[in-house]
Amino acid sequence: LHVVDSSVLYILAVSLMRLTYPVCGFLNVIGVPTSNISPLTLVVMSLERYVAVCFPLRHAAVITVRNTGLAIFAIWALSLLSVFIRVGLVDFSELGSLQMKEVCSVFTFFVGSLSDTYGRASTCLLFVSAGAAIIFSFIGVTVAAKSASTDKTTSQKARHTLLLHLVQLGLSLSSTLFTPILTVLSRLMMRIVFVRTQNVLYVCFFILPRCLSALIYGIRDRTMRSVLFYYLCCRLSHSVFPNKGYK
């Protein structure tokens with residue numbers, strides 16, 4: 001959803017198409033929550049690893065399909081509630097008319113000091129809370145790894161997973177620097193170079209962090225890894241990677 005919404009906004013911006021505020025608001029109501037869902041999901045995944053290592057006997061009872069569904073529902077509900085609050089704080093008296101004068105984006109839709117302040121505060125709170133939860137999980141797993149009764153292999157894999165989540169969270173946090181960096185670059189670059197740089201930075205700051213989980217977990221899975229490298233190597237039978245059974 002995040003990639004589709006971003007692609008639609010990009011095509012509209014390249015086409016210089018001016019939308020109405022309700023349509024732009026609908027696109028932002030989709031884009032902003034799907035962006036915030038990523039760090040919240042990392043928190044849930046980190047806590048799952050913490051429970052698996054520190055409370056292995058209770059893991060099967062705590063991490064169930066029902067509880068996982070409730071966690072996903074809570075993540076979406078919290079993200080949607082946050083964006084609806086921000087929409088409610090938009091100062092529509094400054095709009096003048098429903099027709100937008102600029103291309104649709106987060107910065108052109110969420111106008112008003114209250115909405116801007118809430119957006120910054122919620123973003124900071126989100127990443128501070130997510131960082132604290134992941135660090136807490138990492139410390140708990142590290143302490144448990146020193147226990148003689150803990151499976152060393154499982155705890156080591158859990159620590160590596162939590163470090164991966166910290167890296168992803170750091171990359172997601174770097175997205176908050178997107179606008180200040182663009183502001184500086186807009187004064188130093190030609191317009192065509194600036195637009196291309198903006199696209200590259202968007203992929204690095206917004207898209208890449210949200211693709212890492214699927215990519216890395218896929219590579220770590222033996223069956224998926226062999227299939228992935230088989231097709232990445234253009235189905236070459238003499239690839240350095242195993243591809244038995246996929247010819």
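Okay, so let's start with the disulfide: C24 is joined to C104, with 2.1 Å from S to S. By disulfide I mean a pair of cysteine sulfur atoms within 2.5 Å, and by that rule the count comes to one. The link of C24 and C104 is right-handed, with 85° about the S-S bond.

Before I go on: this is a predicted model, so local features need pLDDT of at least 70 and side-chain atom pairs count only at pLDDT 80 or more, while totals for chains, interfaces and linings use all residues. Residues are numbered from 1 along each chain as its sequence is written, and side-chain values use heavy atoms, with hydrogens and water left out.

Back to the cysteines. What does the pair tie together? C24 sits in helix 2 (residues 21-54), and C104 is in the loop between helix 4 (65-88) and helix 5 (106-109), so the link ties together parts that are 80 residues apart in sequence. Helices here are DSSP runs of H or I, at least four residues, numbered from the N terminus.

Are C24 and C104 buried or exposed? C24 is buried, at 0% relative accessible area, and C104 is buried too, at 6%. Buried means under 20%, exposed means over 50%, and partly exposed is in between, with a 1.4 Å probe and protein chains only. C54 counts as partly exposed at 23%, and so does C204 at 34%.

Staying with helix 4, that's where you'll find I72, which is partly exposed at 47%.

Last stop, helix 9 (residues 191-220), which holds L215. L215 is partly exposed, at 44% relative accessibility. The C-alpha atoms of L215 and L228 are 9.7 Å apart, and the two residues are separated by 13 residues along the chain.

How values were computed
Helix = DSSP H or I, 4+ residues; strand = E, 2+ residues; numbered from the N terminus.
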